[in-house]
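Please look over the sequence and the structure shown below before reading on.

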Amino acid sequence: MSDFDEKYIKKCLKMAKKAEGLTSPNPLVGAFVLDKDLKIAGIGYHHKYGEAHAEIVALNQAGERALGGTLYINLEPCCHYGKTPPCTDRVIASGIKELVAGMTDPNPLVAGKGLEIVKQAGITVKSGVLEKDCLKLNEIFVKNMTKKASFIAIKSAITLDGKIASRTGSSKWITSEKSRSEVQKLRNKYDALLTGSGTIIKDNPSLTCRMKNGRNPVRVNLDSKLSTSPTSKVYSDDGAKVIIACSEKANKDRFKLYPQNVEFLLCPVEKNSRLNLTYVTAELYKKGIMSILVEAGGELNGSFLKESLVDKFYIFTAPKILGDREAWNFAEGFDTDDINKSLNFRFDEIKALGIDLFIEAYSVK
């Protein structure tokens with residue numbers, strides 16, 4: 001693929017990111033239309049679920065200038081009826097001579113069919129331009145389509161020796177304000193923010209998105225015995241849905257003590273009296289929660305890891321060392337006695353955030 005093609009797919013990716021947090025369960029898509037003289041004629045991105053797709057916005061803006069031109073898009077155009085008509089119809093009708101796509105659509109209803117339809121109409125088709133970058137941008141959508149499950153990430157702020165709090169529970173603040181601002185962007189990106197009752201009781205967090213023009217994710221609290229106070233900040237009615245996942249044997253008389261905006265998810269428990277996380281996450285997916293960001297303590301993080309439910313990690317590492325074996329660990333509950341039996345991960349992006357280090361990593365399954 002040419003550098004020119006890569007340049008415009010990069011532009012598509014940048015444009016697509018403008019709608020992070022707004023398109024779920026749809027993917028993030030950006031599009032550029034160049035006229036026959038290779039001048040930009042139209043720009044678009046999918047603004048919000050239910051609204052026009054990126055290529056439609058760009059083609060509408062280009063109008064007659066699209067004739068004989070090129071459409072760049074990071075994801076294959078759809079070819080089926082959903083909230084909107086098939087985009088392939090509009091692409092063909094526009095009169096473009098070439099379509100350049102970053103990746104095929106993992107949706108089984110599309111899966112290459114959109115590109116083939118366009119090709120059969122006489123349009124030159126290129127695909128797979130910066131495919132790795134395109135896959136990463138829509139990794140949530142890819143898992144939703146291929147696994148029919150929520151994409152699950154763990155976010156944690158740790159010291160250099162892997163601690164998330166001192167032995168007394170002191171944790172504010174491990175990382176810098178710059179790192180904490182980045183966390184707000186993650187909260188805006190994910191459909192739901194999940195934590196455990198221990199975190200609610202210890203810290204009484206709001207678990208809201210404090211990014212400018214951000215939106216609050218669904219807040220999910222794993223509280224098997226309904227031990228958290230109904231007046232906890234997390235249950236405040238700010239327009240965002242709040243879900244308490246509790247034991248199916250929990251005292252249902254306590255339900256009425258919580259605010260009316262709180263929804264209860266009754267779940268089976270394991271022998272250790274903990275909720276079955278596979279069941280919880282499957283039920284959340286059924287409720288339309290396509291992505292989950294876990295912000296919790298070491299025990300809950302460890303439970304998600306042991307159940308092989310984690311796809312990705314966001315680790316904010318501060319240049320600090322507690323050096324205390326009784327301080328709280330990032331993940332607990334493994335008792336691994338052989339280093340060769342440890343869980344393995346793949347580092348992806350590593351960058352400095354002020355004085356901190358930010359690491360994106362993926363589970364190796």
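Which residue in β16 is the bridge partner of Y314? The bridge partner of Y314 in this strand is E360.

## Basis of the report

This is a predicted model, in which local features need pLDDT of at least 70 and side-chain atom pairs count only at pLDDT 80 or more, while totals for chains, interfaces and linings use all residues. Residues are numbered from 1 along each chain as its sequence is written, and side-chain values use heavy atoms, with hydrogens and water left out.

## The open sheet

An open sheet of 9 strands, with mixed pairing, runs in the order β11-β10-β9-β8-β12-β6-β13-β16-β15; strands here are DSSP runs of E with at least two residues, and helices are runs of H or I with at least four, numbered from the N terminus. Two strands pair if DSSP finds at least two bridges between them, and the edge strands, β11 (262–267) and β15, each pair on one side only. On average, and with direction ignored, neighbouring strands of this sheet are turned by 20° against each other.

Within the sheet, β13 and β16 run antiparallel and are joined by 6 bridges.

## The second largest pocket

The second largest pocket has a volume of about 690 Å³. A pocket is an open set of points on a 1 Å grid over the protein atoms alone, where a 1.4 Å probe fits, with protein on both sides within 12 Å along at least five of seven lines, and lining residues have an atom within 4 Å of a point. The lining has 25 residues, of which K17, E20, L137, K189 and E360 are the closest to the centre.

Elements that give two or more residues to this lining include α1 (3–16), α5 (131–137) and β16 (356–363), and α7 gives the most, with 5 residues. The lining residues divide into 8 nonpolar, 3 polar and 14 charged.

## An enclosed helix

Helix α6 (residues 139–147) is largely enclosed by the rest of the structure, because 7 of its 9 residues are buried, that is, under 20% relative accessible area with a 1.4 Å probe and protein chains only. The buried residues in α6 include E139, F141 and K143. The helix is followed by K148, whose phi is positive, near 50°.

The structure holds 0 disulfides, a disulfide being a pair of cysteine sulfur atoms within 2.5 Å. The sulfur of C87 is 3.6 Å from the closest cysteine sulfur, in C78, which is too far for a bond. C267 is in no disulfide either, and the nearest cysteine sulfur, that of C246, is 6.8 Å away.

C87 counts as buried at 1% relative accessibility, and C267 counts as buried at 0%.

Notes
Grid points are joined across faces, edges and corners, and a volume is the space filled by probe spheres set on the points. Ala, Val, Leu, Ile, Met, Phe, Trp, Tyr, Cys and Pro count as nonpolar, Asp, Glu, Lys and Arg as charged, and the others, Gly among them, as polar. Buried means under 20% relative accessible area, exposed over 50%, partly exposed in between (1.4 Å probe, protein chains only). Axes are lines fitted to C-alpha atoms, for helices over the stretch in contact, and angles run from 0 to 180 degrees between N-to-C directions.
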